[in-house]
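I opened the model today to look up a few residues and contacts. My notes follow in the order I took them.

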Amino acid sequence: MAMLSNQELIRRVPLFAMLTPAQVDSLAANVAKERIKRGSNVVEQGKNSNALFLILAGRAHVVMTDSKAREVIVATLKAGDYIGEMSLIDNEAHSATVVADTQMDVLVLGRDDFTRCVSENTAIASAVMRGLVQRLRNADQKIVSLALMGVYGRVANVLLDTAEPNEHGELLIREKISRLDLAKMVGASREMVSRVMKDFEEQGFVQTLKEGGLRVWERRSKPR
């Protein structure tokens with residue numbers, strides 16, 4: 001990251017793909033580069049950071065906590081995603097905490113610069129709106145999953161949504177997912193998720209890879 005100029009880094013962010021060279025130069029003067037350690041909070045639920053964080057490298061998860069300190073993981077973020085736009089739009093505290101799963105490189109844009117950037121460029125405003133709509137759709141799907149599906153189906157959905165095809169068309173989850181994190185994603189106990197994963201392995205639905213990831217096979221019918 002240190003070898004690239006702010007302009008070059010900005011052009012790597014899909015949100016800013018439609019900016020003109022002059023707009024890129026203007027924005028480059030107002031962004032800061034930061035490196036976030038693994039396990040650190042990028043933003044915290046209930047607080048306001050007054051900034052937009054654009055992920056250049058690394059991975060994070062979005063977690064919500066209730067009054068009894070119970071946690072649910074609602075999303076996973078990677079390079080190209082951004083954090084904090086909801087609080088910048090409505091000036092409310094963050095609704096969730098974002099935790100770095102790996103070391104992360106980010107660009108940070110303050111509230112005033114974000115507001116000016118959105119107001120001056122309809123393409124960015126449209127991209128932000130599309131991102132918000134996608135998050136709302138994902139939230140709707142998660143609500144339906146929690147309300148209507150059993151744990152087996154919810155775990156299967158998370159695995160299939162997380163897996164990506166390799167050059168041979170195989171669905172792989174390259175990064176290891178702990179049973180605890182998986183349990184937080186589907187709203188179940190770690191013990192229940194461990195039982196489900198054991199059943200899936202015995203049924204041939206998943207296979208653990210040597211490096212800790214998973215190979216996932218789709219089936220015509222969803223698990224029970």
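Does Asn-6 count as buried or exposed? I noted before answering that this is a predicted model. The relative accessibility of Asn-6 is 16%, and buried means under 20%, so Asn-6 counts as buried.

**Entry 1, Asn-6.** I placed Asn-6 in helix H1, which covers residues 6-11. I then looked for what its side chain reaches, and found the backbone oxygen of Ala-28 at 2.9 Å. Setting aside neighbours within four places in sequence, I listed Ala-28, Val-31 and Lys-33 as the residues in contact with Asn-6.

I turned next to helix H6 (residues 151-162) and helix H8 (residues 190-203). Their axes come within 10 Å and cross at roughly 70°. An angle of 65 to 115 degrees counts as roughly perpendicular, and H6 and H8 are therefore roughly perpendicular to each other. From H6, I wrote down Val-151, Tyr-152, Val-155, Ala-156 and Leu-159 as making the contact. From H8, the contact is made by Met-192, Val-193, Val-196, Met-197, Asp-199 and Phe-200. I sorted the residues of this contact by class and got ten nonpolar, no polar and one charged.

How many aromatic pairs does the structure hold? I found two. Tyr-152 and Phe-200 form one of them, edge-to-face, at 5.8 Å centre to centre with 75° between the planes. Tyr-152 lies in H6 and Phe-200 in H8, so this pair ties together parts that are 48 residues apart in sequence. I checked burial here as well, and both Tyr-152 and Phe-200 are buried. Phe-200 also pairs with Phe-205, again edge-to-face, at 4.7 Å centre to centre and 75° between the planes. Both Phe-200 and Phe-205 are buried. I recorded Tyr-152, Phe-200 and Phe-205 as a cluster linked by ring pairs.

Where is Asp-181 found? I located Asp-181 in helix H7, residues 179-186.

Technical notes
Residues numbered from 1 in each chain as written. Predicted model: local features only at pLDDT ≥ 70, side-chain atom pairs only at ≥ 80, totals over all residues. Heavy atoms only, no water. Helix = DSSP H or I, 4+ residues; strand = E, 2+ residues; numbered from the N terminus. Buried < 20%, exposed > 50% of the residue type's maximum accessible area, 1.4 Å probe, protein only. Polar contact = N/O pair within 3.5 Å; in protein donor to acceptor, adjacent residues only side chain to side chain. Contact = heavy atoms within 4.5 Å. Axes fitted to C-alpha atoms, helices over the stretch in contact; angles between N-to-C directions. Parallel < 35°, antiparallel > 145°, perpendicular 65-115°, else oblique. Nonpolar A, V, L, I, M, F, W, Y, C, P; charged D, E, K, R; others polar. Phe/Tyr/Trp six-rings, centres within 6.5 Å; stacked < 30°, edge-to-face > 60°.
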